[in-house]
Amino acid sequence: MKPDPHDREKQLAALEHNQRQAQARDDLQATKGQDFYARLGLSGPDAEADTPEDAFVISIHCERWTLSDLEAGGGSTHDIELDRVTFNADDLVRHSRDYGISEPSSTDPSMTPNIWFRSTYPREDRAYFEQGVEKYYSLHIHEVNGHPPGSAEYQRVADLVGVRFDQAILRQEQELEQDGPDLCS
């Protein structure tokens, strides 16, 4: 039996109608969910999905030391692994783990304008085991969302990559701001 083109059109129209109804139900449910959170004074679970991703412009440098360099009193060689590459927060975290970034160059993010983050142990790769080459990495933040980083951005990067400052001044300032101004002074 030959398919009727009219039946095919009816099937497509019914399918489109069902899809429109399902989309309308989903939209209505989402609106009800947003109203629920708004009544409670909260943002919905999808609120963070609508915010734009942060952009971090970073560089990763490598410092290589060999046993013969150390014995001869010589210096190390410096290479740039990544030069001014833009990453989102997830990529920043992944790369900091890949390169073993574990400490800041300063103990206090508000005391120095230029902070970088570094590895404290050499990467145990083939060159390390076969040739005794020790590689240490440093992570340099050039921009956060199009602006040079300040102490708040350095603290945020440190929190993202799991590095701690000895003097986390930013957290103390945030706690004071949350409590409100001191009106008794």
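In the predicted model, helix α5 (151–161) has Tyr154, Gln155, Val157, Ala158 and Val161 as its buried residues. Here buried means under 20% relative accessible area, exposed over 50% and partly exposed in between, with a 1.4 Å probe and protein chains only. Viewed down the axis of α5, these buried residues fall within an arc of 160 degrees, so they line one face of the helix; the arc is that of the directions from the helix axis to the C-beta atoms. An α-helix has 3.6 residues a turn, so residues three or four places apart point the same way. Gly162 follows α5 and has a positive phi, near 80 degrees.

α5 packs with α3 at an angle of about 65 degrees, and the two axes are 9 Å apart. Axes are lines fitted to C-alpha atoms, for helices over the stretch in contact, and angles run from 0 to 180 degrees between N-to-C directions. The contact is made by Ala89, Leu92, Val93 and Ser96 of α3 and by Val157, Leu160 and Val161 of α5, contact being defined as heavy atoms within 4.5 Å.

The largest nonpolar core has 22 residues, of which Ile58, Leu92, Phe117, Leu139 and Ile141 touch the most other members. Two or more residues are given to this core by each of β1 (56–65), β2 (77–87), α3 (89–98), β5 (134–144) and α5 (151–161). A nonpolar core is a set of buried Ala, Val, Leu, Ile, Met, Phe, Trp, Tyr and Cys residues joined through side-chain atoms within 4.5 Å. With neighbours within four places in sequence left aside, Leu139 is in contact with Ile58, Ser59, Ile60, Leu92, Ile101, Trp116 and Phe117.

Residues are numbered from 1 along each chain as its sequence is written. Because the model is predicted, local features need pLDDT of at least 70 and side-chain atom pairs count only at pLDDT 80 or more, while totals for chains, interfaces and linings use all residues; side-chain values use heavy atoms, with hydrogens and water left out.

The protein chain has six helices and five strands, arranged along the sequence as α-β-α-β-α-β-β-α-β-α-α. Helices (H or I, at least four residues) and strands (E, at least two) are DSSP runs, numbered from the N terminus. Of the 185 residues in the protein chain, 23% are buried. Among contacts in the protein chain with a separation of 6 or more, 56% are between residues 24 or more positions apart.

Arg84, in strand β2, has a phi of about 50 degrees. Asn145, in the loop between β5 and α5, has a phi of about 55 degrees and is partly exposed, with a relative accessible area of 39%.

Ser76 lies in the loop between α2 (67–71) and β2 and is buried, at 18% relative accessible area. Apart from neighbours within four places in sequence, Ser76 is in contact with Glu63, Arg64 and Trp65. The C-alpha atoms of Ser76 and Lys135 are separated by 9.6 Å, although these residues are 59 residues apart along the chain.

Three aromatic pairs are present in the structure. One of them joins Tyr128 and Phe129, with ring centres 5.0 Å apart and planes at 80 degrees, so the pair is edge-to-face. Rings of Phe, Tyr and Trp (its six-membered ring) pair if their centres lie within 6.5 Å, and planes under 30 degrees apart count as stacked, over 60 as edge-to-face and the rest as tilted. Tyr128 is partly exposed, at 25% relative accessible area, whereas Phe129 is exposed, at 58%.
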